[in-house]
Amino acid sequence: VSHHDVGGVGFWNDAKSSEGRILHQRVLRYEDTDDEAIIEVLNHWVAGAGRGKTLLEERRTMRFRPQQRRQWLLVLDLAFSAPKEPLTLGKTNFGFLGVRMAKTIGVNDGGGMIRNSAGAVNEPLVHEKPARWVDYSGNMPGNKPAGITLLDHPQNPNHPPVFHVRNDGWMGASFNFAAPYTIKPGEPLNLRYALWIHDGAPTPAAIDQQFAEFAKVSDPGK
């Protein structure tokens, strides 16, 4: 989870001391059952490598849901609050969630394949195009077919977003691709994403079924 420009502070390139840091504060909830494991944490997005002011307060809830054939779904809830003053997220084709695929799955390095919910295939047709989901599938070491689908929840403010997806193995949802976005105190930004870790290269119909189940939760902040 990261962003290029948060109130003028970068949270992507951590090579400079002036860049921002996401600092874990505490675990708010931990539950573990056969159906689901939940971890909810509080993070502060802080300017100046942890020595500056808190720009954002983030409640991050991660839900790990096992499925058949050792597949599983990670549902990620992000609630961002501006503690004292409005905060603007700069326009960028990156966003809050990105995935780096194994080289054996990447189109360039491993001969994998990118698909999206609009039926497009690989970077020239998928990159920076709107979609409900994007899937990246290929072979893991040992020629075992597998992949990950990134799903955007229908109640996210910009759904369906454009996706930043490349043949070199990068896949991400672009939250504020079209314009900056301002978070006001008392009006948190709630986002919900899911990552489906699956065997093989599932059919679009199978991915649409996963999306339909994911979309049933009506409040992305819960």
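**Exercise 1.** Classify the exposure of tyrosine 181 and of phenylalanine 175, and then the geometry of their ring pair.

*Solution.* Tyrosine 181 has a relative accessibility of 29%, so this residue counts as partly exposed, where buried means under 20% relative accessible area, exposed over 50% and partly exposed in between, with a 1.4 Å probe and protein chains only. Phenylalanine 175, at 5%, is buried. The model is predicted, so local features need pLDDT of at least 70 and side-chain atom pairs pLDDT 80 or more, while totals for chains, interfaces and linings use all residues. Residues are numbered from 1 along each chain as its sequence is written, and side-chain values use heavy atoms, without hydrogens and water.

Rings of Phe, Tyr and Trp (its six-membered ring) pair if their centres lie within 6.5 Å, and planes under 30 degrees apart count as stacked, over 60 as edge-to-face and the rest as tilted. With 5.1 Å centre to centre and 70° between the planes, phenylalanine 175 and tyrosine 181 are edge-to-face.

**Exercise 2.** Which cluster do ring pairs build around these two residues?

*Solution.* Ring pairs link Phe175 and Tyr181 with Phe11, Trp45, Phe80 and Phe96. The structure holds 11 aromatic pairs; in one of them, the rings of tryptophan 45 and phenylalanine 96 have centres 6.0 Å apart and planes at 70°, so this pair is edge-to-face. Both tryptophan 45 and phenylalanine 96 are buried.
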